[in-house]
Amino acid sequence: MENITAIQSLLIALWVGAVMSRAFLGGATLTLRFSPLMTGLIAGIVMGDVQQAMIITAAIQLIYMGVFSPGGTMPSEPAIAAAIAVPVALMGNLQPEAAIAVAVPVGLLGAYLYQFRFFINTFLGKYTDKAVEDLNDGGIVRSIILYPTIASFLLFVPLVFIALYFGAPVIADVITALEGTVVFHILTVVGGGLAAIGIATTIYVIGRKDYMVFFLLAYLMSVVLASLSITMVTYAIIGALIAAIFVLAKGQGAKAAPASAGSASLDDDDDDDF
């Protein structure tokens, strides 16, 4: 098993620090934080195995489908989960289901770490109050953007680096040693079950029973067409086309309804004349 190097650990840790500190500004950072896909891609590039990294990340993504963040808080941090679980899975040649079992506790710990970031920001708020009292525009900008970003980097980068460089090889060794045992089987089953929960959560959040037919269609297509080895990109294109047809048909139906109502109204007027 190939161990992760200090440079690889630092690069992934810097990426996590940038995501968790909102260094990219705007909505882009929130999207990166709420989804593990881009973090998994970065981990795959750094580790030199993008294909397997994205397969693992796609499985981890299923956990967080339908998860939302009221007030900016998350029950688990997808970016941190992917940053640790993907390298562990690549080093230990783990199945995606086993990587899910690693990602869940790591993501939960990441959520506590993010809450601690809020605690640190309460102290930085004093600089904002002082800048407002002095009418210092530059001080306000620094206290709101620069100082919290630096504090987040100082919080996340060292901890993620330590977790990757020292912890990830140990976790990978332990899980590899458990391969073929009952414990490993339990991890795999639990990981697959968590992915199913993610899909169920998405359906619940959507809350539209009339759209369930599309979910069932996608499931049946994946089962019936499994022998054709159709890629996810092809399924995505097919899904986009079906969605476009549905939207167009729905739009045409909405336009036809007022026209029918208008015709009925004219007919009623004609009847009144007689």
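Tutor: Before we look at the chain, recall that helices (H or I, at least four residues) and strands (E, at least two) are DSSP runs, numbered from the N terminus. Read from the N terminus on, the elements of this chain run α-α-α-α-α-α-α-α-α-α, which comes to 10 helices and 0 strands. This is a predicted model, in which local features need pLDDT of at least 70 and side-chain atom pairs count only at pLDDT 80 or more, while totals for chains, interfaces and linings use all residues. Residues are numbered from 1 along each chain as its sequence is written, and side-chain values use heavy atoms, with hydrogens and water left out.

Student: What share of the 274 residues in the chain is buried?

Tutor: Buried means under 20% relative accessible area, exposed means over 50%, and partly exposed lies in between (1.4 Å probe, protein chains only). By that rule, buried residues make up 34% of the 274 residues.

Student: Which residues touch the most other members of the largest nonpolar core?

Tutor: In soluble globular proteins, nonpolar side chains tend to be buried together. A nonpolar core is a set of buried Ala, Val, Leu, Ile, Met, Phe, Trp, Tyr and Cys residues joined through side-chain atoms within 4.5 Å. The largest one here has 46 residues, of which Ile-12, Met-20, Ile-60 and Val-86 touch the most other members. Helix 1, helix 3, helix 4, helix 5, helix 6 (96-133) and helix 7 (137-178) each supply at least two residues of this core, and helix 5 gives the most, with 12 residues.

Student: Which residues does Ile-60 touch, not counting those up to four places away in sequence?

Tutor: Contact means heavy atoms within 4.5 Å. With that sequence limit, Ile-60 touches Pro-36, Ala-85, Val-86, Ile-100 and Ala-103.

Student: How many salt bridges does a search of the whole structure find?

Tutor: A salt bridge is a side-chain nitrogen of Lys or Arg within 4 Å of a carboxyl oxygen of Asp or Glu, and the search finds 2 of them. In one, the side chains of Arg-33 and Glu-77 meet at 2.8 Å, N to O. This pair links distant parts of the chain, 44 residues apart, with Arg-33 in helix 2 and Glu-77 in the loop between helix 4 (50-63) and helix 5 (78-92). Asp-134 forms a salt bridge with Lys-130, where the closest N and O atoms are 2.5 Å apart.

Student: Are the partners in these bridges buried or exposed, or something in between?

Tutor: Arg-33 counts as buried because its relative accessibility is 1%, and Glu-77 is buried too, at 0%. Asp-134, by contrast, is partly exposed because its value is 44%, and Lys-130 is partly exposed at 46%.

Student: Where is Ser-35 placed, and what does its side chain approach?

Tutor: Ser-35 sits in the loop between helix 2 (26-34) and helix 3 (37-47), and it counts as buried because its relative accessible area is 17%. A polar atom of its side chain lies 3.4 Å from the backbone nitrogen of Leu-37. Leaving out residues up to four places away in sequence, Ser-35 touches Gln-61 and Pro-78.

Student: Which residues of helix 3 are buried?

Tutor: They are Thr-39, Gly-40, Ile-42, Ala-43, Gly-44, Val-46 and Met-47. Just after helix 3, Gly-48 takes a positive phi of about 80°.

Methods
Polar contact = N/O pair within 3.5 Å; in protein donor to acceptor, adjacent residues only side chain to side chain.
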